[in-house]
Amino acid sequence: MIPAQQVARFSSALPFFLSVILIPLVWIGAILGGWWVIVTPLVAWYLFSAIDLAVGLNTDDADLETTEDQLYWYKLITQLWVPLQFVTLFGVIAYISRAAHLGGWESFGVMFGMGVMTGTVGIVYAHELLHQKGKFERRLGDLLLAMVLYSHFRSEHLLVHHRYVGTPRDPVTARYNEGFHRFYPRVLKQCWHSAFKAERDMLARKKLPWHHKTNPFWLYWGLQAGMMGFALIVGGWFGLMLFAVQAGIAIWQLEVVNYVEHYGLTRKHLGDGKYEHVLPRHSWNAAHKATNWLMINLQRHSDHHYKPDRRFPLLQNYSEAEAPQLPHGYPLMAIAAMIPPLWKKIMNPKVRRWRQMYYPEITDWKAYNKAQNPMPR
């Protein structure tokens, strides 16, 4: 007999298991072909956004006294996802490589949907796992990142982004008036270099060379090579190409979310290279219920940066008086980001109101930003 307490905890965690529905949707696209190949992105981007409109916001906060044991079901979904994604990814690659009924655009469409899944869910779960202290969960996060060829995200996110968010030293913080199509190539280059430099500098402080065996980049390269090798085994060169397609889509999904999360928000410079502490105001917050189910509360990003050690079910919500609010969940905001004039029409007035609200003493932001960062703003 399952204790009533455990049943109640499972019931509260159950909405976060909705991400699993993307797995059969990918398979439906692969088996049926045709326009069925677009069902995965349609569900991830539009259906969950439509549910947002129906069910509204979730502004309730979990009890911060909740114990690790009470979070069992929440932790389980992030850990179970790793083998589920691995089997789905390589199973679909093996299937498509031998599927005579799928044309080139259909194969691409299936892997596009796969990339939406590994980016919207897989990388988000990796992000949660990498923030944990236990080695087991962090290694699971490494496996998820290796499946999308973006393993350096671990070093960049933990050592650079969280430390320098909202400052010119953080490549991931999108600058005011910087369109996504300018942000994307910049961040792809700068994040890899900043991640490698962060690890190299840590080794240097221990008087060790960058190529020392403890540099996690050896692990990153090894895991990524293993994933590509497995794709080659199960699907040949075509399978390797399919693997690369989903990885590219997943990386794009990650970086467009990064773009949305901090667009135009900056921490005040205090002098001598120091900045104010990270506060909820330095990340865009979104309390949209369904898309937070899909992305395990990632949209409560204000609290994540304020308290990075909190597991996703414990992340707190903030009101408009405490943190800037997005008008929609990440999927719709990501679509807007693909159209820079639309994005700027929506977001630039919000950034200007944010500046006036929190930093009224800064009257010339153009001069302020130029002094902090030579990059045009």
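What share of the contacts in the protein with a separation of 6 or more comes from residues 24 or more positions apart? The figure is 71%, with contact meaning heavy atoms within 4.5 Å. This is a predicted model, so to speak of local features a pLDDT of at least 70 is needed and side-chain atom pairs count only at pLDDT 80 or more, while totals for chains, interfaces and linings use all residues. Residues are numbered from 1 along each chain as its sequence is written, and side-chain values use heavy atoms, with hydrogens and water left out.

Overall, the protein has 14 helices and two strands; these are DSSP runs numbered from the N terminus, helices being H or I with at least four residues and strands E with at least two. The C-alpha trace spans about 65 × 55 × 45 Å along its principal axes. A compact globule of 377 residues would have a radius of gyration near 21 Å, and the protein agrees, with 21 Å. That radius is taken over C-alpha atoms, and the globule rule is 2.2 Å times the number of residues to the power 0.38. Of the 377 residues, 54% count as buried (buried is under 20% relative accessible area, exposed over 50%, partly exposed in between, using a 1.4 Å probe and protein chains only).

On to the helices. Helix 2 (residues 22-32) packs on helix 4 (residues 72-97) at about 5°, the axes lying 11 Å apart. Axes here are lines fitted to C-alpha atoms, for helices over the stretch in contact, and angles between N-to-C directions run from 0 to 180 degrees. Helix 2 brings Ile23, Val26, Trp27, Ala30 and Ile31 to the contact, and helix 4 brings Trp81, Leu84, Thr88, Gly91, Val92 and Tyr95. Helix 5 (residues 104-130) has a kink of about 30° centred on threonine 118, the bend being the angle between axes fitted to the seven residues ending there and the seven starting there. Helix 5 is also mostly covered, with 24 of its 27 residues buried.

Two loop residues deserve a look. Aspartate 272, in the loop between strand 1 (269-271) and strand 2 (274-275), has a positive phi near 55° despite not being glycine, and is exposed at 79% relative accessibility. Isoleucine 296 sits in the loop between helix 10 (289-294) and helix 11 (301-306). Its phi is also positive, near 35°, but isoleucine 296 is buried, at 2% relative accessible area.
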